[in-house]
Amino acid sequence: MRILIHARNSRLYEPKDRVRLMNLLRNLGLGIINVRVASSHVEIDVNADDLDKLALIVSEAVGPVLSIVNLSNENKPNDPFRAFVFLFNEERFWEAHEVLEPTWRVSRDVNVQGLIVAAASFVKIQENYVESFLKLAKRALGMITVNRIDCIDTLKFKEELRASLSTLKPFKARCIA
């Protein structure tokens, strides 16, 4: 089954360490699909059947396991926009991008697609692909043309995303009442 495991970044890995970390985990016998390095955690996308073994290997190689998400099960939140903000703020950008996909598939709203592309841009930072981040973040800025999408203050979101173009750092999105 496909698993997303989050481990505390106890060894202070950086996105530049991603390939080395992927190779280390593969050498330890894990079926690694991808690794993304956030500021406080490492996100490991892996095929695994033995979750106990997976958790043990990850905790020894990376740090304590914070969460395990079974991607084989479809999990649709009641409020995808609030889920997006929560995941985005936790630097779980891949999941944030995924949580809005069903909404976008139905609505085809380019503004929703802009939020998805913005989250995907930060995935590229976590994978150490700075140029891809810049390209996607600029694309997202052009797609989001409204002041608010559901609960998301997109004016503030775009302002923070513009700042991230120079800082190369994530920011906190926010829901407004």
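**The hairpin and beyond**

Modeller: Three residues form the hairpin that joins β2 to β3. Before going on, a word on the ground rules. This is a predicted model, where local features need pLDDT of at least 70, side-chain atom pairs count only at pLDDT 80 or more, and totals for chains, interfaces and linings use all residues. Residues are numbered from 1 along each chain as its sequence is written, and side-chain values use heavy atoms, with hydrogens and water left out.

Now the strands. Helices (H or I, at least four residues) and strands (E, at least two) are DSSP runs, numbered from the N terminus. Strand β2 spans residues 31–37 and β3 spans residues 41–47. The two pair in the antiparallel sense, over six bridges. Strands pair if DSSP finds at least two bridges between them.

Is β2 enclosed or open? Five of its seven residues are buried, so β2 is largely enclosed by the rest of the structure. Buried means under 20% relative accessible area, exposed over 50%, and partly exposed in between (1.4 Å probe, protein chains only).

Next, the second largest pocket. Its volume is about 280 Å³. Among its 17 lining residues, Pro15, Val37, Ser39, Ile125 and Lys169 are the closest to its centre. On a 1 Å grid over the protein atoms alone, a pocket is an open set of points where a 1.4 Å probe fits, with protein on both sides within 12 Å along at least five of seven lines; lining residues have an atom within 4 Å of a point. A volume is the space filled by probe spheres set on the points, which are joined across faces, edges and corners. Helix α5 (residues 110–126) gives the largest share of the lining, three residues.

Helix α5 also holds Asn111. Asn111 is buried, at 7% relative accessibility. A polar atom of its side chain lies 3.4 Å from the backbone nitrogen of Val146. Asn111 touches Met143, Ile144, Thr145, Val146 and Ile149, not counting residues up to four places away in sequence. Touching means heavy atoms within 4.5 Å.

Most residues other than glycine have a negative phi. Leu12 has a positive phi of about 55°. Leu12 sits in the loop between β1 (2–8) and α1 (18–27), and is exposed at 67%. Glu91 has a positive phi of about 60°. Its loop runs between α3 (80–89) and α4 (93–107). Glu91 counts as buried, at 14% relative accessibility.

Terms used: Polar contact = N/O pair within 3.5 Å; in protein donor to acceptor, adjacent residues only side chain to side chain.
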